[in-house]
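Here is a short report on one protein chain. It covers fold, surface and core.

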Amino acid sequence: MYLGIDLGTSAVKTVLVDGAQRVIASESRPLTTASPRPGYFEQDPAQWIDATFATLDALKATHAGELAAVEGIGLSGQMHGATLLDASAKPLRPCILWNDGRSATECRILEQRWPALRATSGNKAMPGFTAPKLLWIATHEPEIFAATKLVLLPKAYLRLVLAGEAIEDVSDASGSLWLDAARRDWSDAGLAATGLSREHMPRLVEGCAPAATLRSELAQRWGMSRRPMIAGGAGDNPAGAIGIGAIRPGTAFISLGTSGALLAPTHRIAANPDRVVHTFCHAIPAMWIQAGAILSAASCLAWIARLFGVAEAELLAPLGSRPQAPSPVSFLPYLAGERTPHDDPVVRGMLDGLTHGTDRETIVQAVLEGVAFALADCRDALADAGIGVTEADAIGGGSRSRFWLSVLANVLNVPIHRFAEGETGAAFGAARLGRLAVTGEAVDAVCTPPRRIETFEPGRALVDAYAERLPAWRELYRPRH
């Protein structure tokens, strides 16, 4: 038996997977995010631990026998968050999250201090990444910076609590800007540019490699017959790739979680930082992932549901399974700024084209289409890096919506495939990494694609209609700086 734990932004999800790769049970606990100022987003690391322990306590109550047989654990996590620890390994402040936009000035400073940043990391300095956050801390909270002895990404902090060791995998470390993506090792020049050194960093491992063992007292708490091995794990999107078998070129996929992304595994680095294409190491050796990322995806649907005061499923139900025509309303999904292709942390969302006759369904459709248009921007940025997308799998909570996947198929003009358990892809991928760390099996033998249950094909009339709307939608973007 194997466990996969996904420390997301909105929830911690834990899945229990057997040797036949069947999900035996799953548990989820919600997380809350604080926004002390506009554009600031933080979480208390203590709630990550409480939520994770709650999922495992619940699994023990319902599946004690299966939990006792767990041999390997894989961790997946939200990327880029800056968790600062003191000499006693205690958090000094709330974690600054991936969607936090406060460090735009520090990004410019960092690129000036480290001219080789883009060539080394494969990325452009943006507020979402970890390194600029540390420059912001040094300037605005110097006493916190001085007390910082260890900087961890969220799932590495969770591993520290579970195993007592500071270890990170190279896929998650890629999102810090401190990693030399080609060498898959920390960049001393990058660390020095933020006033840090390797002493502040966790030890690096590959995602499928053994990393540490669960603390004995925790193994006893959950009734485990042995101390399970904890794998290196992965950032949430690389873990999602492992969960759907996206381990070779040509297997593009779309993540529709709180944020969104269009991702493509590659055998080589195909960086395009000028168009804000992200370069991450994959969770398996000698592979990378190129990604276009948007800061708001399924969170846009959650926002409009809150606005109308109804559940998301109730909003979607009247739309049916596919659009008949584009919505006459346009929506920019920049509720928390945007990454690909704009790198604009201060731009905000917009509804355009409202009339007295605009109804709820028209607005909801526009919201879904706005996210799809933003992913079309990601597609074009990837194409500029030489990566073409001819079909894509969909994962994340948004993949439950057949209407949304149909919109994506027609906006992107490619077939979109859906899986039965697509919304738990990252946790399932983490469980696979836990298995690989224990068994040493061939990656290809374990990371097979799950069964696709539905394919959404583009239709010529809708493809043409959306292609006609896309340029006008892009014209709505107006930088605020």
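## Contact range

Among contacts between residues at least 6 apart in sequence, what percentage join residues at least 24 apart? In this protein chain the figure is 73%. A contact here is heavy atoms within 4.5 Å.

## Basis

This is a predicted model: local features need pLDDT of at least 70, side-chain atom pairs count only at pLDDT 80 or more, and totals for chains, interfaces and linings use all residues. Residues are numbered from 1 along each chain as its sequence is written, and side-chain values use heavy atoms, without hydrogens and water.

## Overall build

The protein chain holds 18 helices and 24 strands (DSSP runs: H or I of at least four residues, E of at least two, numbered from the N terminus). Its radius of gyration is 21 Å, close to the 23 Å from the globule rule for 481 residues, so the chain is as compact as a globular protein of that length. The radius is taken over C-alpha atoms, and the rule is 2.2 Å times the number of residues to the power 0.38. The C-alpha trace spans about 60 × 50 × 40 Å along its principal axes.

## Cores

Of the 481 residues, 61% are buried (under 20% relative accessible area, 1.4 Å probe, protein chains only). The largest nonpolar core has 57 residues. Such a core is a set of buried Ala, Val, Leu, Ile, Met, Phe, Trp, Tyr and Cys residues joined through side-chain atoms within 4.5 Å. Helix H14 (residues 360-384) gives the most to this core, with 14 residues.

Leu 408 is among the residues with the most contacts inside the core. Beyond four places in sequence, its contacts include Ile 254, Leu 256 and Leu 375. A second, separate core has 45 residues, among them Leu 110 and Cys 281.

Technical notes: Buried < 20%, exposed > 50% of the residue type's maximum accessible area, 1.4 Å probe, protein only.
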